[in-house]
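Subject: Structure handover

Hello,

Here is the structure for you to look over. My notes follow below it.

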Amino acid sequence: MDLNGDGKMDLLSGSWPGEIYVFYRKANGTYAVGEKLKDKSGRLIKVGSASAAAVADWDGDGDLDLVIGNIEGAVFLLKNEGTAQKPAFGAGAKLMAVGKPVMVEGGDAGPCLADWDGDGKLDLVLGSGSGKVNWYRNIGTGKEPELEAPRPLVIEAGGEFKDAVGFDNPKRCGMRTKPAVADWNGDGKPDLLVGDFSYFSVGNNQHGRHGWVWVYLRQGAEKLAGK
Ligand SMILES: [Ca+2]
Ligand SMILES: [Ca+2]
Ligand SMILES: [Ca+2]
Ligand SMILES: [Ca+2]
């Protein structure tokens, strides 16, 4: 994601306190020290704690907008009212789906903006505290997205992660999921990559915390396109 439109890919990160950090890429390929993102009036952008940020041109006007999830499970859209070279993020508004604010179960909304069904319009893929990853299909237009009710891509973590057998070999994705979409195996179909958090307790004295990255390779595209 190139936030300042200089042709070099930058990095964006949410944080536990809630501020959003941007790391601009420098000419030599390294990254500048992270700075906290501000809105158009110079205030630090913060929509709640445990923020997770995604950027894409959500309203199709040629500049990158900001979408941020928080610990409550809500997702905010901050439209870019500036330009691709000089972003100026407006006030945050909650993203809606079928007339209601998006709110994930278990809190900890982890948004990703990607065209999951390949219809040319960005959709919302959303991780959650429960581990579930939902797909909100965009049935609006490229300029005025309108989200359908969520459909699960990954189910919630469930009891296995509260009382696991063997800490180093979980069978499936854990909690607090943060999805990303990319064609991982180069077959032309978008795949899902999911970061997680797992807490394991085995007996009285053995505990472990892990963060894994899971790859879900996409199979038949027609299955998820709702056709
Ligand atoms: Ca850049
Ligand atoms: Ca935009
Ligand atoms: Ca789409
Ligand atoms: Ca693929």
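Ala 27 is found in the loop between strand 2 and strand 3. Strands here are DSSP runs of E with at least two residues, helices are runs of H or I with at least four, and both are numbered from the N terminus. Along the chain, Ala 27 and Lys 8 are 19 residues apart; their C-alpha atoms are separated by 7.9 Å.

Before going on, some ground rules. This is a predicted model, in which local features need pLDDT of at least 70 and side-chain atom pairs count only at pLDDT 80 or more, while totals for chains, interfaces and linings use all residues. Residues are numbered from 1 along each chain as its sequence is written, and chains are lettered from A and ligands numbered from 1 in the order in which they are written.

**Overall**

pLDDT is the predictor's confidence in each residue, from 0 to 100. The protein chain averages 90, and 89% of the residues score at least 70. Residues 222-227 are another matter: pLDDT stays under 50 there. For that stretch the model has seven contacts beyond four places in sequence. A contact means two residues whose C-beta atoms, placed from the backbone, lie within 7 Å.

The secondary structure comes to one helix and 17 strands. The protein chain has 227 residues, of which 34% count as buried. Take the contacts between residues at least 6 apart in sequence: 42% of them join residues at least 24 apart.

Strands of a sheet pair through backbone hydrogen bonds, either parallel or antiparallel. In this model, two strands count as paired if DSSP finds at least two bridges between them. An open sheet of three strands has the order 1-2-3, with antiparallel pairing. Strand 1 (11-13) and strand 3 (35-36) stand at the edges. Each has a single partner strand, so one side of each is left without a neighbour in the sheet. Strand 2 (residues 21-23) and strand 3 pair over two bridges. Val 22 has Glu 35 as its bridge partner in strand 3.

Strand 5 covers residues 65-69, and five of its five residues are buried. Asp 65, Val 67 and Gly 69 point one way, Leu 66 and Ile 68 the other.

Strand 4 (residues 52-56) pairs with strand 5 in the antiparallel sense, over five bridges. Val 55 stands opposite Leu 66 there. Strand 6 (residues 75-78) also runs antiparallel to strand 5, joined by four bridges. Leu 77 in strand 6 is the bridge partner of Val 67. Strands 5 and 6 form a hairpin with five residues between them. In the turn, Gly 73 has a positive phi of about 105°.

**The core**

Which residues have the most contacts inside the largest nonpolar core? They are Val 67, Ile 68, Val 125 and Leu 126, in a core of 42 residues. Strands 4, 5, 6, 10, 11 (123-127), 12 (133-136), 13 (151-154) and 15 (191-202) each give two or more residues to this core. A nonpolar core is a set of buried Ala, Val, Leu, Ile, Met, Phe, Trp, Tyr and Cys residues joined through C-beta atoms within 7 Å. Beyond four places in sequence, Leu 126 touches several residues, including Val 75, Val 102, Val 133 and Tyr 136.

Val 98 sits in the loop between strand 8 (96-97) and strand 9 (100-101). Its phi is near 40°, a positive value in a residue other than glycine. Val 98 counts as exposed, because it has 12 C-beta neighbours inside 10 Å.

Asp 108 lies in the loop between strand 9 and strand 10 (110-114). Its phi is also positive, near 60°. Is Asp 108 buried or exposed? Asp 108 counts as buried, because it has 24 C-beta neighbours inside 10 Å.

Gly 195 lies in strand 15. Gly 195 is partly exposed, because 18 other C-beta atoms lie within 10 Å. Gly 195 and Lys 178 are 17 residues apart in sequence and 5.1 Å apart in space, C-alpha to C-alpha. Beyond four places in sequence, Gly 195 touches Lys 178, Gly 211 and Val 213.

Best wishes

How values were computed:
Buried ≥ 20, exposed ≤ 12 C-beta atoms within 10 Å, placed from the backbone.
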